[in-house]
Amino acid sequence: MVTIKKIKQAFFIALWFMVLTFPIMVIKVNTITDTVVFRWSYLFWNGIGTFFASLTWNYFLHLKENKQKTETSDDIPMVHQLLQNDRFRIPFLIALAVFFLIYPFVFPMYHTSIMISALVYVMLGLGLNIVVGLAGLLDLGYVAFYCVGAYAYALLNLHFGVSFWLALPISAVLGFMFGTLLGYPVLRLRGDYLAIVTLGFGEIIRIIMENWDDFSNGPRGISNIPPPNFFGIDLGQHGSVIYIYFIVIALVLMTIFFVGRLENSRLGRAWIALRDDEVACQAMGIDKVKTKLTAFALGATWASIGGVVFAAKTSYINPMSFTIWESITILCVVVIGGMGSAIGVIAGALVLILLPEYLRAVAEYRMLVFGALQVIVMVFKPDGLIKSVRKTYKFKKVEE
Amino acid sequence: MEPILNVKNLTMTFGGLKALDNVNIAIEKGQIAALIGPNGAGKTTFFNCITGIYEPSKGQVTITPPGKSSQTLKGLKPNQVTERGLARTFQNIRLFQGMTVLENVMIGRHCRMNAGIFGAMIRPKSQKSEEKKATYASYEILEKIGLEKYVNEMAVNLPYGAQRRLEIARALATDPFLLLLDEPAAGMNPQETKELDDLIIWLRDNEDLSILLIEHDMKLVMSLSDRIHVVDYGKKIAEGTPKEVKSNPEVIKAYLGDDSDDA
């Protein structure tokens, strides 16, 4: 509904925007000819644009609020409803499998390469989802474990010639250990404080890699990291990209499988209990220390495996690949996808990583559009793209 | 026979404030005991000290689970206290809101289950049957408490009275011998209070439980309790049967104030 009040409000917002953007949109100083140009038409269009944008925004907010009044809050997302329906689920899964199987053969190598990155983020997202989504521990240094995995493969290969396949389990164990290591000092922390400490941890790992020249080759990084070995056969560049693609698909499937099981296990429930109420959780007999540490450790394990794949795919790593920005991107994947929801996180990773690549068409506005989309998702779908749904149990007559 | 819970000289100080001052309370097996006192008397602090949320400054807490030998609760963490058979509910409802009703109860089973990381990921047979057992055991508890129709609802969507009962169900799932209820009737209407009264007596008689409750609803306390302990300003001022406590001048003073104050 568009009311007089809303129009008035939009009018004032437009006015305020015109004032705010006046210096950058209207005044243009040409330093060479020493002239100042006033582009008044910009002011006009800016005002009109803001006015209508504000009206549309309010309209959709209004729609959303009305919808909330008529529906209960525990609505099951459409995707889940469809997936529970057998007639839909099986053809859907087959279509999905076929799509991912033929993908690298149909699309050019560039697209396969992007898809590999996106799938690595699916793994990272699912891993971080354990820590942030299930256990409710805000971790801003997640990239540290990604870094540990990547460097573990690169260095072990450089010094000892360790192959990709051996590096996977080794770095999984390393990730698990580093996760526990970070877990210990932050056991007492929650929320903002935890975020700051993990942020510091993430930076420490990166700075060590940047400065400990003898160990990690410093900012120059490590190059010539071999791609995974296929029974000693040289696959060529294109071949090995396709090979990595299928390895990642397998790893992602494995992650989905294990994380799904964890979510509805004794441990998964303990994580959610810890997230919802720490005091009550302990009073119900849950060991807080163990539960927190396993969340950190398991989250780190998947980041570490993701790191190995990343190193093998790019064949070159340096500390600049593991900045705080990466942590934030992974966190965005989890939050925008839907905290605690595996399907949501997968969707989030694909959207968040693939979208900027395909938005290259709009060149310099790419990041602007991307940012705007994130804001829109958070305002209109605060639970994420696909929110989490807990398992339901069916009971027939109780068996004695 | 040894009392199942024996609290001796329990003292808890926060800085200069003595929240509990040499409190002695003993609870016999099969008893429904009540802990009453004006607001701020230290009742919830007492619960927190016993269940390991606070570490008491002084005093001993000893438990004697039925059929087992006595042990002290000194230095145990809350989850270890729960493992030893003391379960509690909270004054301000503390359910796990992101979980279904059944899962809330299953959390109570947590300390009686063993599955670890690999058990959860690989799901061997032993873990599958454990999980199934826990699911059914939790469902049975919901049936006993009368919440089975809500099984798959999110806990947060339950009506208020049902949330209070769910807290009791969750505590029951930990297999306690002593149930500590912190104001279970707070905010309930007379009908719900009546149902709670029946439930508590039913639990004592059929589940072999002893119960210690904090409550402000005097009608409920008087009809329910075998023994009442009264605290005021952290000190225990009286103990006895409902009848004795009702006529105790100290208790009347604590609740209604001293006449000499008005002068």
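The text below covers the interface and then the cavities.

This is a predicted model, in which local features need pLDDT of at least 70 and side-chain atom pairs count only at pLDDT 80 or more, while totals for chains, interfaces and linings use all residues. Residues are numbered from 1 along each chain as its sequence is written, chains are lettered from A in the order in which they are written, and side-chain values use heavy atoms, without hydrogens and water.

Chain B brings 42 residues to the contact and chain A brings 38, where contact means heavy atoms within 4.5 Å. About 3800 Å² is buried between the chains, 62% of it from carbon and sulfur atoms; buried area is the accessible area (1.4 Å probe) lost on being put together, summed over both parts. In chain B, the residues that lose the most area to chain A are B:His110, B:Ile117 and B:Met121, together 17% of what that side buries.

The rule finds three salt bridges across this interface, each a side-chain nitrogen of Lys or Arg within 4 Å of a carboxyl oxygen of Asp or Glu. One of them joins A:Arg390 to B:Glu103 (2.6 Å, N to O).

Grid points are joined across faces, edges and corners, and a volume is the space filled by probe spheres set on the points.

| Cavity item | Value |
|---|---|
| Cavities of 30 Å³ or more | three |
| Volume of the largest cavity | about 60 Å³ |

The lining of the largest cavity includes A:Ala283, B:Thr51 and B:Arg88.

Methods: Buried area is the accessible area (1.4 Å probe) that two parts lose on being put together, summed over both. On a 1 Å grid over the protein atoms alone, a cavity is a set of points where a 1.4 Å probe fits but cannot get out, and a pocket is an open set with protein on both sides within 12 Å along at least five of seven lines; lining residues have an atom within 4 Å of a point.
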